[in-house]
Each structure stands twice: as structure tokens, then as C-alpha cells.
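Trainee: I am new to this structure and would like to go through it with you. Could we begin with how a charge and a ring are judged to go together?

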Amino acid sequence: GRSHQCLRIGLIEQHILDRPNDPNAYADRALYYEHLDSSALAESDWKRTILLDSTNTRWRIALGDLYFRKVRLMDAEQRFQEAIRLEPNGTKGRSKLSEVYLMQGRYPEAMTVANDALRIDPQDASLYNLKGWIHRTAGDTNLAISSYHTAVERDPQFYDAYISLGILHAARQDPLALEYYNSALEIRPESVEALYNKAIFAQEHGRDSLALVCYEHIIAVEPKSPLAYYNRGYVYLEHQ
């Protein structure tokens with residue numbers, strides 16, 4: 001509540017007064033401001049952390065993330081480029097830069113940077129997931145599926161990759177979509193996203209009873225979900 005927020009900012013401000021040259025204190029306040037969606041104040045504090053600790057890539061990536069969320073892509077790109085120069089053997093800056101290029105529709109550059117990161121860490125499942133996202137956005141479904149497959153091979157708990165595989169197979173009317181949604185649900189049993197995707201696929205392929213089970217599950221998780229009630233009613237009306 002409000003009293004908890006006041007206590008938290010009070011402690012952060014005291015930390016800054018006690019240690020005015022500690023970048024972590026300003027980072028704490030930047031995160032607090034981001035939580036309040038006060039992006040100008042957060043930006044100012046992230047810049048302060050960079051001034052105090054100019055060789056630490058964490059602060060530049062944090063500021064780049066703020067710019068990315070505010071769709072200030074050129075500013076984000078600059079911060080991530082700086083992080084790469086500071087830490088040539090790190091993957092984080094490259095991964096973030098690749099996402100900027102992806103948002104700008106610069107697919108070959110996004111892929112080049114993602115592959116550069118993978119040469120540094122070939123086991124990073126999130127980088128294969130990123131490659132899947134690039135291929136998918138660029139319209140190459142086969143390569144997207146291949147990349148998402150590698151992501152879940154590297155990390156069998158990679159929820160987002162299973163959802164993407166489900167969506168891509170559903171678009172092909174491939175029953176494998178249900179297996180991928182089930183894999184996602186094993187990781188997050190209460191995922192409304194996975195349950196809804198599974199229900200729609202079942203409904204569109206004549207498996208009404210499975211769709212109804214999914215809608216019931218959604219309603220148990222989110223009792224105020226209008227879509228689940230509407231779709232459940234539609235199944236009863238159209239098919240029963």
C-alpha cells in the first residue's frame with residue numbers, strides 16, 4: 001500500500017544521503033521510479049549510476065531497457081552498443097541490441113547480432129528463442145520452428161518457446177499444437193494463455209469436450225473472464 005511505498009522510498013533516500021557515491025542506491029531509486037512509471041526520474045537516476053560506475057554494463061543495459069519500453073529505439077541501441085564495447089564477451093548487450101533491430105524490421109542485422117551472442121554462449125536457450133522470434137517475424141516459419149525446437153532442447157522448461165511452437169503448428173492445422181500447449185501447461189498449469197490457445201485449437205478441430213474442459217479451467221483460474229464464458233456458451237449453442 002501507500003505506507004509501504006513511503007517507507008521504501010524513505011529507506012532509499014536515506015541510503016543515497018548516507019552513500020551519495022553508491023551507484024546501487026541510485027539504481028534502487030530508478031527501479032522504484034520505473035515501478036511508478038515515472039520514466040524521466042528513472043532515466044535521470046540510471047544516468048547517475050553510469051556517471052558513478054562507468055565501466056559496469058548493468059546500468060547501461062538498464063537504461064537501454066527503459067528506452068526500449070518507451071520505444072526510444074535509437075537511444076536504446078546506443079546504450080546496448082556501449083554495453084557491448086564495455087563487455088565484448090558478454091551476451092546480454094547483444095541479445096538486447098538484436099531485439100532493437102528486430103523491432104526496427106532490420107532482420108539480417110538482428111540475426112547477425114543474435115548469432116554473435118550464440119558464438120559466445122552456444123547453450124543459451126533464450127538466444128535460440130530470440131532467433132525463432134526473428135525468423136517468425138521475418139516470415140520464415142520453418143526456420144522459426146527449428147530455432148524454437150533448439151530452445152526447448154537447451155531448456156526443457158522454456159514456456160514461451162512451447163507457446164510459440166503451439167501457435168505455429170496451430171496455424172498449419174497440425175495436431176502437434178496440442179502437445180506443445182500441454183508442455184507449456186506442465187510448466188505453468190494455471191496459464192490462461194496456454195489454456196485458451198489449446199481450447200481454440202480443440203474447438204476448431206471438432207474436440208468440443210476438450211475445449212469445454214479448458215474453458216472450465218480458465219473460469220476456475222479467472223472467474224471474471226468474459227471470453228471463456230462466451231466461448232463456452234458458443235460451443236454449447238453451435239455444437240450441442
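Mentor: A charge is said to sit over a ring if NZ of Lys or CZ of Arg is within 6 Å of the ring centre and within 35 degrees of the ring normal. Please keep in mind that this is a predicted model.

Trainee: Which residue has its charged end over the ring of Tyr159?

Mentor: That residue is Arg188, whose charged end lies 3.8 Å from the centre of the Tyr159 ring.

Trainee: And rings with rings: how many aromatic pairs does the structure hold?

Mentor: There are 3 aromatic pairs in the structure. One of them joins Tyr196 and Tyr215, whose ring centres are 6.5 Å apart and whose planes meet at 55°, so this pair is tilted.

Trainee: Where do Tyr196 and Tyr215 lie?

Mentor: Tyr196 belongs to helix α12 (residues 192–204) and Tyr215 to helix α13 (residues 208–221), so the pair ties together parts that are 19 residues apart in sequence.

Trainee: Is Tyr215 buried or exposed?

Mentor: Tyr215 is buried, with a relative accessibility of 0%.

Trainee: Which helices each supply at least two residues of its lining?

Mentor: Those helices are α6 (92–103), α8 (125–138) and α10 (159–171). Of the elements, α8 gives the most to the lining, with 5 residues.

Trainee: Which residues line the largest pocket?

Mentor: The lining includes Ser95, Glu99, Asn129, Trp133, Arg136, Tyr148 and Asp160. By class, the lining has 4 nonpolar, 4 polar and 3 charged residues.

Trainee: Helix α6 came up there. Where is Lys96 placed, and is Lys96 buried or exposed?

Mentor: Lys96 is in helix α6. Lys96 has a relative accessible area of 17%; buried means under 20%, so Lys96 counts as buried.

Trainee: What does Lys96 touch, not counting residues up to four places away in sequence?

Mentor: With those residues set aside, Lys96 touches Ile61, Asp65 and Phe80.

Trainee: And Arg94: buried or exposed?

Mentor: Arg94 is buried, at 15% relative accessibility, and its place is also in helix α6. Leaving aside neighbours within four places in sequence, Arg94 is in contact with several residues, including Glu87, Pro88, Asp116 and Ile120.

Trainee: How far apart are the C-alpha atoms of Arg94 and Ser147?

Mentor: Those C-alpha atoms are separated by 18 Å, and the two residues are 53 residues apart along the chain.

Trainee: Now for the backbone. What is phi of Asp37 near?

Mentor: Phi of Asp37 is near 65°, which is a positive value in a residue other than glycine. Asp37 is found in the loop between α2 (23–35) and α3 (39–52).

Trainee: Is Asp37 buried or exposed?

Mentor: Asp37 is exposed, with 56% relative accessibility.

Trainee: What about phi of Val71?

Mentor: Phi of Val71 is near 55°, and this is again a positive value in a residue other than glycine. The loop between α4 (57–69) and α5 (73–86) holds Val71, and Val71 is exposed, with a relative accessible area of 61%.

Methods:
Residues are numbered from 1 along each chain as its sequence is written. This is a predicted model: local features need pLDDT of at least 70, side-chain atom pairs count only at pLDDT 80 or more; totals for chains, interfaces and linings use all residues. Side-chain values use heavy atoms; hydrogens and water are left out. On a 1 Å grid over the protein atoms alone, a cavity is a set of points where a 1.4 Å probe fits but cannot get out, and a pocket is an open set with protein on both sides within 12 Å along at least five of seven lines; lining residues have an atom within 4 Å of a point. Helices (H or I, at least four residues) and strands (E, at least two) are DSSP runs, numbered from the N terminus. Ala, Val, Leu, Ile, Met, Phe, Trp, Tyr, Cys and Pro count as nonpolar, Asp, Glu, Lys and Arg as charged, and the others, Gly among them, as polar. Buried means under 20% relative accessible area, exposed over 50%, partly exposed in between (1.4 Å probe, protein chains only). Contact means heavy atoms within 4.5 Å. Rings of Phe, Tyr and Trp (its six-membered ring) pair if their centres lie within 6.5 Å; planes under 30 degrees apart count as stacked, over 60 as edge-to-face and the rest as tilted.
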